[in-house]
Amino acid sequence: MKLKVLGTQSPYNTIGHNCPGFLITDGKTKIMLDCGSGSHSLLNFPNDLSNLSIILTHLHRDHYNDIYNMQYSSFVFHNQNRIEKPIDIYMPSNPSSIYQDISGERNSFANYSAINEKTNLNIGNIGITFCKTDHPVETYAVKLSNNDRTIVYTSDTSFSCKDKLIEFAKNADLLICESSLLTSYGFPEINSHLTAKQAGTIAKDTHVRGLMLTHFWPEELPEKYVEEAKSIFPKVLAANEGQIIDFPKIQEKEECMR
């Protein structure tokens with residue numbers, strides 16, 4: 001199982017950085033977590049459209065804007081007989097107007113399914129489960145496991161559901177955790193997003209092998225987030241566009257997470 005970082009910033013993308021997106025591959029299986037602005041630019045077309053599933057964790061624009069590019073690309077490449085299987089798109093059913101807008105797109109070659117906290121998916125060798133987080137719209141953390149590795153992606157969340165997240169992500173190989181805020185700005189403990197310190201706290205209590213921070217404010221240096229999280233949990237790195245993590249190497253060489 002491999003992870004490729006497609007986007008790390010919010011609420012907008014800048015040169016060299018995209019809004020949230022991650023690509024997980026396991027053999028021929030490809031799973032894209034979120035599809036934020038610019039994230040599709042790091043995919044390999046049309047190859048990455050083959051056997052592709054896209055999971056939108058919630059329907060805020062910084063996490064789904066590029067879904068329309070993916071839909072239209074699937075439409076074009078299918079018409080050129082360059083992909084045979086529709087892409088599969090999974091997303092919350094609320095806000096319903098956005099769900100209907102995406103699923104009603106005619107110029108696409110895709111299947112659509114709604115997700116909720118009881119959804120269990122098996123895509124290739126990867127089992128996928130969901131945990132509802134606290135956020136202004138219906139939002140889900142995602143756990144992906146094959147026979148050897150487990151990745152958990154928090155998506156956007158408040159610290160108010162930390163106990164749920166800790167149970168959900170327990171003992172994962174990698175926790176990809178949003179860390180939108182820095183404590184130095186004096187944010188209240190309970191917000192619609194996490195501070196880097198709170199991300200470190202969740203990682204520590206979850207006993208994960210490593211913590212990857214993401215969802216950075218474009219005008220802040222990622223190193224600031226890493227420094228804050230490291231005060232709580234030592235094995236931290238900042239997600240960076242184009243970065244690839246091969247999970248067997250994580251187990252063999254944990255120093256890559258330091």
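I started with Phe 187, which comes out partly exposed at 36% relative accessibility. This is a predicted model, so I kept in mind that local features need pLDDT of at least 70.

Next I looked for the ring partner of Phe 187. I found Tyr 185, with the ring centres 6.3 Å apart. The planes stand at 50 degrees; stacked would need under 30 and edge-to-face over 60, so I noted the pair as tilted. Tyr 185 itself is exposed, at 52% relative accessible area, and the cut-off for that label is over 50%.

Then I went on to another aromatic pair, Phe 216 with Tyr 225. I got 4.9 Å centre to centre and 40 degrees between the planes, again a tilted pair. For the tally, I noted 8 aromatic pairs in the structure.

I also checked for a charge over a ring. The charged end of Lys 143 sits over the ring of Phe 168, 4.8 Å from the ring centre.

Tyr 225 took me to the helices, as it is one of the H6 residues in the contact with H5. H5 covers residues 196-206 and H6 covers 222-230. How do they pack? I read an angle of about 45 degrees, with the axes 7 Å apart, which makes H5 oblique to H6. I logged the crossing as right-handed. On the H5 side I listed Ala 196, Lys 197 and Gly 200, and they meet Tyr 225, Glu 228 and Ala 229 of H6.

Notes
Residues numbered from 1 in each chain as written. Predicted model: local features only at pLDDT ≥ 70, side-chain atom pairs only at ≥ 80, totals over all residues. Heavy atoms only, no water. Phe/Tyr/Trp six-rings, centres within 6.5 Å; stacked < 30°, edge-to-face > 60°. Buried < 20%, exposed > 50% of the residue type's maximum accessible area, 1.4 Å probe, protein only. Lys NZ or Arg CZ within 6 Å of the ring centre and 35° of its normal. Axes fitted to C-alpha atoms, helices over the stretch in contact; angles between N-to-C directions. Helix = DSSP H or I, 4+ residues; strand = E, 2+ residues; numbered from the N terminus. Parallel < 35°, antiparallel > 145°, perpendicular 65-115°, else oblique. Left-handed = near helix turned anticlockwise from the far one by under 90°. Contact = heavy atoms within 4.5 Å.
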